[in-house]
Amino acid sequence: GAVVSQHPSWVICKSGTSVKIECRSLDFQATTMFWYRQFPKQSLMLMATSNEGSKATYEQGVEKDKFLINHASLTLSTLTVTSAHPEDSSFYICSARGVITDTQYFGPGTRLTVL
Amino acid sequence: EDQVTQSPEALRLQEGESSSLNCSYTVSGLRGLFWYRQDPGKGPEFLFTLYSAGEEKEKERLKATLTKKESFLHITAPKPEDSATYLCAVQGGGSQGNLIFGKGTKLSVKP
């Protein structure tokens, strides 16, 4: 149980284009979903927290107009990187937390490369 | 300020050589301490949640313990497939219950 999927697993795009990443909780309802990014050999950095049906809460220094987060249902959250640039290249990981437990379950991650 | 420090940064073991990883933390109102395993290029895999001092949990060759200031992840007779980065995170009493992660311990187990 407690499986979280992400799609796509990797994406390469040109500078200036937008990229959407999906995060799904497959076997539980996620009231809260989190988006992280991870640079090589570094730990996870929280970008934003979203509750189903509410606006996302962004961490300090994260541009909300650049990283659009939608959490429209209890099983799906999306992260859209708008007008991506090479410095946005990173490993993006989502996690989901259900109603009963405080445990966050993580997706497999999405490798974004912006050329 | 909530903080998590993991040590050592890297640990090399021979197969069968038991050892422990340390996670020291300072947090306002601990709601939970979490251990995850992360393989290269993958998302973290949940291992354990500990809620109160004195609590212990086991899974195969891994055993996690918790005190008021730190947690240990004991690895008994490790195998090469245990090689990974082990992440410790705490959840404090702040808004949204976000996790504060340590930088991880990279474990390498040689056959």
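Is A:Thr113 buried, partly exposed or exposed? With a relative accessible area of 27%, A:Thr113 is partly exposed, because that value falls between the limits of 20% for buried and 50% for exposed. The model discussed here is predicted.

A:Thr113 belongs to strand β11 of chain A. Leaving aside neighbours within four places in sequence, A:Thr113 is in contact with A:Val11, A:Ile12, A:Cys13 and A:Ser89. A:Ala56 is 57 residues away from A:Thr113 along the chain, and the C-alpha atoms of the pair are separated by 24 Å.

A:Thr17 sits in the loop between β2 (10-13) and β3 (19-25) of chain A. A:Thr17 is partly exposed, at a relative accessible area of 33%. A:His85 is 68 residues from A:Thr17 along the chain, with 8.3 Å between the two C-alpha atoms.

Where does A:Thr80 lie? A:Thr80 is in strand β8 of chain A, which covers residues 76-81. A:Thr80 counts as buried because its relative accessibility is 17%, and the limit for buried is under 20%. Residues up to four places away in sequence aside, A:Thr80 touches A:Ser18, A:Val19, A:Lys20, A:Lys66, A:Phe67 and A:Leu68.

## Salt bridges

Side chains of opposite charge can pair when their charged atoms come close. How many salt bridges are there over all chains? The count over all chains is 7.

One of them, in chain A, joins A:Glu22 and A:Arg24, whose closest N and O atoms are 3.5 Å apart. A:Glu22 counts as partly exposed at 26% relative accessibility, and A:Arg24 is also partly exposed, with a relative accessible area of 34%.

In chain B, B:Arg37 pairs with B:Asp39, and the closest N and O atoms are 3.1 Å apart. B:Arg37 is buried, with a relative accessible area of 15%, whereas B:Asp39 counts as partly exposed at 21% relative accessibility. The limit of 20% is what places these residues in separate classes, because buried means under 20% relative accessible area. Another salt bridge links B:Lys63 to B:Glu56, with 3.3 Å between the closest N and O atoms. B:Lys63 counts as partly exposed, at 27% relative accessibility.

## Surface patches

Which residues gather in a patch of positive charge on the surface? The patch consists of A:Lys41, B:Arg12, B:Lys106 and B:Lys110. A:Lys41 lies in the loop between β4 (32-38) and β5 (45-51) of chain A. A:Lys41 is exposed because its relative accessible area is 91%, and exposed means over 50%.

A nonpolar surface patch of about 390 Å² is formed by A:Trp10, A:Ile12 and A:Leu115. A:Ile12 is also among the contacts of A:Thr113. A:Leu115 is placed in the segment after β11 (110-114) of chain A, and A:Leu115 counts as exposed, at 62% relative accessibility.

## Backbone features

Which residues does a cis peptide bond join in chain A? A:His7 and A:Pro8 are joined in this way, with omega about 0°. A:Pro8 lies in the loop between β1 (4-7) and β2 of chain A. In chain B, a cis peptide bond joins B:Ser7 and B:Pro8, with omega about -10°. B:Pro8 is in the loop between β1 (3-7) and β2 (10-14) of chain B.

A:Lys41, named above in the positive patch, has phi near 60°, a positive value in a residue other than glycine. B:Ala77 has phi near 45°, which is likewise a positive value in a residue other than glycine. The loop between β8 (70-75) and β9 (84-91) of chain B holds B:Ala77. B:Ala77 is partly exposed, with a relative accessible area of 36%.

Notes:
Residues are numbered from 1 along each chain as its sequence is written. Chains are lettered from A and ligands numbered from 1 in the order in which they are written. This is a predicted model: local features need pLDDT of at least 70, side-chain atom pairs count only at pLDDT 80 or more; totals for chains, interfaces and linings use all residues. Side-chain values use heavy atoms; hydrogens and water are left out. Patches are made of residues with over 30% relative accessible area and no salt bridge: like charges are joined within 9 Å, nonpolar side chains (Val, Leu, Ile, Met, Phe, Trp, Tyr) within 5 Å. Accessible areas come from the Shrake-Rupley method with a 1.4 Å probe; for residues, only the protein chains shown count as cover. A salt bridge is a side-chain nitrogen of Lys or Arg within 4 Å of a carboxyl oxygen of Asp or Glu. Lys and Arg count as positive and Asp and Glu as negative; His and the chain ends are not counted. The place of a charge is taken as NZ of Lys, CZ of Arg, CG of Asp or CD of Glu. Helices (H or I, at least four residues) and strands (E, at least two) are DSSP runs, numbered from the N terminus. Buried means under 20% relative accessible area, exposed over 50%, partly exposed in between (1.4 Å probe, protein chains only). Contact means heavy atoms within 4.5 Å.
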